[in-house]
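Please read these points with the structure open beside you, and look up each residue as it comes up.

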Amino acid sequence: MIEPNSQARLAENWQAVQRDVHAATTAAHRPLDSVTIIGVTKYVDAEMTLALVNAGCHVLGENRPQVLWKKNEEVVFPDDVRWHLIGHLQRNKLRRSLPFHPMIHSVDSPRLLTAIVEEATAQQIPTKVLLEVNISGEEAKTGLLPQDLRPMIESHLKSTDTGGVEIVGLMAMAGWGTDADAARQQFAATRELRDELAQQTGATLPELSMGMSGDFAAAIAEGATMVRIGSRLFEGLLPKH
Ligand SMILES: *Cc1c(COP(=O)(O)O)cnc(C)c1O
């Protein structure tokens with residue numbers, strides 16, 4: 001069990017994040033239910049993750065599939081918890097991950113998409129995925145180059161055998177150390193790329209996963225439908241670094 005003080009602080013943080021996300025959504029003249037907050041729990045253990053769920057956050061994001069598996073061995077999460085895998089994913093981790101019905105945000109190669117289709121077919125688990133785009137142009141960043149996306153979407157749409165795997169949108173991260181203006185431009189570029197791809201390919205691509213603790217307001221202003229928020233939720237609960 002975590003301490004009552006920590007549970008109270010977590011509840012406060014969750015309220016504050018919801019309030020700020022709602023404010024950004026309203027400022028962008030968008031309906032409140034158009035933005036989902038994904039609580040990124042990579043900083044904390046299974047008990048603290050469950051405590052966040054108990055505070056009201058039922059949509060969770062993990063970077064590493066092994067951590068998702070382990071936390072689910074250590075505690076029992078309520079059935080309505082939805083998992084999102086947001087970090088680089090190796091193909092050999094799919095078999096054990098799909099039973100958690102995750103949305104996969106980090107499809108960064110045609111090979112990974114093919115492997116997801118194979119595994120989703122084998123396990124009969126329809127899976128929603130996002131294509132991760134390297135919008136900042138940084139070499140160190142993971143993600144597909146913008147010009148790689150169209151052929152991937154087209155060949156997926158053409159395939160008769162997708163195992164229920166659906167490409168539902170794009171995921172992007174602002175480059176390291178970008179200021180607020182530059183981050184906002186990258187989010188806008190991601191939305192424009194999505195609009196262009198939807199037009200070119202006929203895919204719907206409703207989802208835009210962009211924005212983290214430091215830049216979610218800019219992402220929401222530019223059309224984010226999912227914001228991935230970690231450190232803001234655990235303020236006051238983690239050792240200082
Ligand atoms: C850690 C992480 C986040 C959350 O970042 P915070 O700045 O802690 O909110 C979001 N997305 C990805 C891919 C991450 O790895």
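The points below take up pockets and then salt bridges.

1. Please keep in mind throughout that this is a predicted model, and that the values in the following points are computed from it.

2. The largest pocket holds about 600 Å³ of space, and among the 29 residues that line this pocket, those closest to its centre are K42, M173, W176, M212 and R228. Helix α7, which covers residues 180-201, and helix α8, which covers residues 216-221, each contribute at least two residues to this lining. Sorted by class, the lining consists of 13 nonpolar, 11 polar and five charged residues.

3. The second largest pocket, with about 380 Å³ of space, is lined by 23 residues, and V81, R82, W83, F100 and H101 are the ones that lie nearest its centre. Strand β3, made of residues 82-85, gives the largest share of this lining, namely three residues. By class, the lining of the second largest pocket has 13 nonpolar, six polar and four charged residues.

4. Turning to charged pairs, the structure contains 10 salt bridges. One of them joins D20 to R232, with 3.0 Å between the closest N and O atoms, and it connects distant parts of the chain, since D20 sits in helix α1 (residues 4-27) while R232 sits in the segment after β8 (226-229), 212 residues apart.

5. A second salt bridge pairs R191 with E222, whose closest N and O atoms are 2.4 Å apart. R191 belongs to helix α7 and E222 to the loop between α8 and β8, so this pair ties together parts that are 31 residues apart in sequence. R191 is partly exposed, with a relative accessible area of 23%, while E222 is buried, with a relative accessible area of 9%.

6. A further salt bridge is formed by R194 and D195, and here the closest N and O atoms are 2.8 Å apart. Of the two partners, R194 counts as buried at 13% relative accessibility, and D195 is partly exposed, with a relative accessible area of 36%.

Note on methods
Residues are numbered from 1 along each chain as its sequence is written. This is a predicted model: local features need pLDDT of at least 70, side-chain atom pairs count only at pLDDT 80 or more; totals for chains, interfaces and linings use all residues. Side-chain values use heavy atoms; hydrogens and water are left out. On a 1 Å grid over the protein atoms alone, a cavity is a set of points where a 1.4 Å probe fits but cannot get out, and a pocket is an open set with protein on both sides within 12 Å along at least five of seven lines; lining residues have an atom within 4 Å of a point. Grid points are joined across faces, edges and corners, and a volume is the space filled by probe spheres set on the points. Helices (H or I, at least four residues) and strands (E, at least two) are DSSP runs, numbered from the N terminus. Ala, Val, Leu, Ile, Met, Phe, Trp, Tyr, Cys and Pro count as nonpolar, Asp, Glu, Lys and Arg as charged, and the others, Gly among them, as polar. A salt bridge is a side-chain nitrogen of Lys or Arg within 4 Å of a carboxyl oxygen of Asp or Glu. Buried means under 20% relative accessible area, exposed over 50%, partly exposed in between (1.4 Å probe, protein chains only).
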